[in-house]
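Colleague: I would like to learn how to read the packing and strand pairing of a model from its coordinates. Could we go through one together, term by term?

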Amino acid sequence: MTFDEKLKARAEREGAPIPKGFDSRMDALLDTLPPQVQPARKRRAPRLAVCIGVAAAMVVGAAAAAPAVLEMAQNAIDYFDQNQHSEYANYQGKYEQFNAAVGMSDTNGDQTLTIDNIAVDDSYLMIFSTLKSETPLELQDGEYATLSTRIKWTAPNFFAEINGELLDMSGPVETEARLVDDCTLTSVQRIALKELLPDQFDLLLFDGGTSDISQSDFQFEMSVDKSAVAVETLTVEPKQDFTVHFTGVNDIGEPYTINSKPRIERVSISPFGSTITLSEWAENPLTNFVLRDDQGNFLPVLNIGSVGGSMISRATNTFEFLGADLDTKSVTLIPYLDEGRSHEVAGSLDSLPLTDDSENGFTLERLEIGDKQATATFSFRGAMNYCNAQFSLLLADGTPLDHLAECYMDFSYDRENALCITTIEYPDATPEQISQITDVSFWQPNELTLLEDQAVTIDLQ
């Protein structure tokens, strides 16, 4: 799979629709390149899964055995033994409580992909896997891509069929990966579910860089029973329509008007995370909203991409939010006006925790500066229009480190404690430059104008 194919596949999955005519223009450009000799790719019809679990029985002489039912139960997940600093490490106990140990492998050429564990609840499908190669893995590359990014791009990109229907994966799909050695890569893929899955369903996973199963490199067929997690989940599907109308000014001073008619499809508070799903007949569906619980606490919304629709296609978007639990009685969705502006907060390294007197915003709680990267931990307060906290390291003369060396920023979340973890990598910075860092700054969002008169409350209990 080429780098272009990798990007197109990831764009298709993460909610960035490919522009009209992109494929034809790309094909025309590719036709101008010299031919490339590639080894033949193995293609085959989907194969039946091996039987897994104590309840599986094999019939001697049978033409084919049906896939075994994988029950969500208490199983160890070895992924965390090798990834103790995983973004999902705080959820390890929950994943291990509701997962199936699969151990199913498929081989393509000199590579073997193994599904180690499948974990699922009402909000997310988690796929833990290991990719092994007989020769050193060739990492996907891209301009200015860091090693950690290249490893993530090289990890499997699963598509799924549920009971024979392609799973809608245009919502948030997150991948975390680690290179164990030159020939071994472990990864986890976290897929937000836009619809409630039945307690029992047939699952077909495949990977090949495209949702066209005929182009897949690896395939895995199984059946899943997730009924064991039902008592641990708070999920409602209100199908509640509401209207939002507001006029504002964008970040370059131009007025704009929004008339939106979304529908709240579902809200789910489950062991793996909390989500709200909205749908709308619109090219630019509503994303300007905050959530508040019945105790008056704002719940940070992680807006990890969204997809648009049209007058003939309804857009459905799922948003993760933090801070809710099974005792939450209701969630109120509040639209807001936002000029898209922010202001800088700066201070010395010994002045942490660092913030200002804004009613809403970030607080820089901790900062760890190493030879090649720095990691900042931010908490939230009040109504926030974004949750990715961006910071800069400043030298004694006020020069940002990113003016002197290439810096790459990435974001993750401590979902258990509602924190944003922002990492800056600076692989080419010199020890002298690092030693001169004395201050830190970050961007604080300006106060939002909440449209309380257009708020809508979803009862959960």
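**Reading the packing, feature by feature**

Modeller: Y79, F80, Y91, Y95, F128 and F272 form one aromatic cluster, where rings of Phe, Tyr and Trp (its six-membered ring) pair if their centres lie within 6.5 Å, planes under 30 degrees apart counting as stacked, over 60 as edge-to-face and the rest as tilted. This is a predicted model, in which local features need pLDDT of at least 70 and side-chain atom pairs count only at pLDDT 80 or more, while totals for chains, interfaces and linings use all residues. Residues are numbered from 1 along each chain as its sequence is written, and side-chain values use heavy atoms, with hydrogens and water left out.

Colleague: How many aromatic pairs does that rule give, and what is the geometry of Y95 and F272?

Modeller: The count comes to 14 aromatic pairs. The ring centres of Y95 and F272 lie 4.8 Å apart with their planes at 75 degrees, so this pair is edge-to-face. Y95 belongs to helix α4 (residues 92-97) and F272 to the loop between β15 (263-270) and β16 (273-280), so that the pair links parts of the chain 177 residues apart; helices (H or I, at least four residues) and strands (E, at least two) are DSSP runs, numbered from the N terminus. Both Y95 and F272 are buried, that is, under 20% relative accessible area, as against over 50% for exposed and partly exposed in between (1.4 Å probe, protein chains only).

Colleague: Which residues have the most contacts inside the largest nonpolar core?

Modeller: A nonpolar core is a set of buried Ala, Val, Leu, Ile, Met, Phe, Trp, Tyr and Cys residues joined through side-chain atoms within 4.5 Å. The largest one here has 36 residues, and those with the most contacts inside it are I115, I118, I127, L203, L205, F220 and M222. Among the elements that give two or more residues to this core are β2 (99-108), β5 (158-162), β8 (184-192) and β10 (218-225), while β9 gives the most, with five residues. A second, separate core of 28 residues includes M384, C387, L393 and F442.

Colleague: What does T186 touch, and is T186 buried or exposed?

Modeller: T186, which has its place in strand β8, is buried, with a relative accessible area of 6%. Not counting residues up to four places away in sequence, T186 touches Y79, Q82, N83, S129, T130, E176, A177, R178 and V180, contact meaning heavy atoms within 4.5 Å.

Colleague: Which residues of helix α5 are buried?

Modeller: An α-helix has 3.6 residues a turn, so residues three or four places apart point the same way. In α5 (residues 147-154), I151, W153 and T154 are buried.
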